[in-house]
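Colleague: Could you walk me through how to read a few features of this model, beginning with the way helices pack?

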Amino acid sequence: MNNDISLKAVAYGEVLWDVFEDKKKIGGAPLNVALRMKTLGCEVAMISCVGNDEDGKAILNHVKQLGLQTDAIMQSETFPTGLVKVTLDERGSATYEINYPSAWDKIVLNNQAETLVMNADVLIYGTLVCRDKVSRDSLEDLLQMNIYKVFDVNLRKPHYTYEVLERLMLSADFIKFNDEEILEIAKALQSPFESLEENIHFIAELTHTKAICVTRGKHGALLFWKGQLYENEGYPVKVADTVGAGDSFLASLVTYLLTDNDPQTSIDFACAVGALVAESAGANPEISFSRIENMIGKK
């Protein structure tokens, strides 16, 4: 593995509190991706908005302590810091109730945000932040810039439309879905196919995207990269909860692919990280390289 990481990343989107039955934790898919990339050695900044309230101040302090750049996390005097009620079923799978409007729905770019993206190697963005026109318009401005763009499809009903999804896919260099998401979107876009592999090729051709990844829960993931398909069948773990597992998977995959690791090594590494996160409670558990390598070595 090439562990010499030299990558500048910017994550755009929601930062919020995940509120569980007995606790609350800082989260939001783009922030989870950013935090994992930071632990892997990337230089990472976050573009978002929190409320000028205690929840917002706590997020800013926490993110700074973890080493993310926060110059482009704005503070709103009008809208509160985001809250999401998380409910876990008996298998640890999560469902979400997402407050609206929240501060992250109203991201207005400042000079620091635009400069960060201009000087970065990769921009990571998702679906949920586009539910409000203010944050969606700001993202579309950033997507005009000449930077490698990673679209993390993260469908949360009723917070998306297929029209917006198609625009976001057309802007991307790399798209990550889970298996249910790609089948739903491909069907909405009139795909005649049923298999994951056929629909990966369908989306790639439709959107002119050269890199697509589909996660399959405990069954690992498929990666379409430079015309070739790579697969990992997953690593068996006892799931504590699934919150953040896909985010850490994406962070690991993008970091490894964009620092010249080969695709099979990259997807194996990413699946191991995702499995270890699912095995732990919360979205951002500490995971050592030795644990990751031990997991990979079990195959």
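Modeller: Two packed helices are described by the angle between their axes and the distance between the axes. In this predicted model, helix α8 (residues 245–257) packs with helix α9 (residues 263–279) at an angle of about 155 degrees, and their axes lie 8 Å apart.

Colleague: Is α8 roughly parallel or roughly antiparallel to α9, and which hand does the crossing of α8 and α9 have?

Modeller: Angles over 145 degrees count as roughly antiparallel, so the value found here makes α8 roughly antiparallel to α9. The crossing of α8 and α9 is right-handed.

Colleague: Turning to the strands, in which order do the four strands of the open sheet stand?

Modeller: Strands of a sheet pair through backbone hydrogen bonds, either parallel or antiparallel. Here the order is β3-β2-β6-β7, and the pairing within this open sheet is mixed. The edges are taken by β3 (24–27) and β7 (94–98), each of which has a single partner strand, so one side of each is left without a neighbour in the sheet. On average, and with direction ignored, neighbouring strands of this sheet are turned by 30 degrees against each other.

Colleague: In which sense do β2 and β3 pair, and over how many bridges?

Modeller: Strand β2 (residues 16–19) pairs with β3 in the antiparallel sense, over four bridges.

Colleague: What is the volume of the second largest pocket, and which residues lie nearest its centre?

Modeller: The second largest pocket has a volume of about 290 Å³. Of the 12 residues that line this pocket, Leu-35, His-62, Leu-66, Asn-284 and Pro-285 lie nearest its centre. The elements giving two or more residues to its lining are β3 and α1, and α1 contributes the largest share, four residues. By class, the lining of this pocket has five nonpolar, three polar and four charged residues.

Definitions and conventions: Residues numbered from 1 in each chain as written. Predicted model: local features only at pLDDT ≥ 70, side-chain atom pairs only at ≥ 80, totals over all residues. Heavy atoms only, no water. Pairing = 2+ DSSP bridges. Axes fitted to C-alpha atoms, helices over the stretch in contact; angles between N-to-C directions. 1 Å grid on protein atoms, 1.4 Å probe; cavity = no way out; pocket = protein on both sides within 12 Å on 5 of 7 lines; lining within 4 Å. Points joined across faces, edges and corners; volume = space filled by probe spheres on them. Nonpolar A, V, L, I, M, F, W, Y, C, P; charged D, E, K, R; others polar. Parallel < 35°, antiparallel > 145°, perpendicular 65-115°, else oblique. Left-handed = near helix turned anticlockwise from the far one by under 90°.
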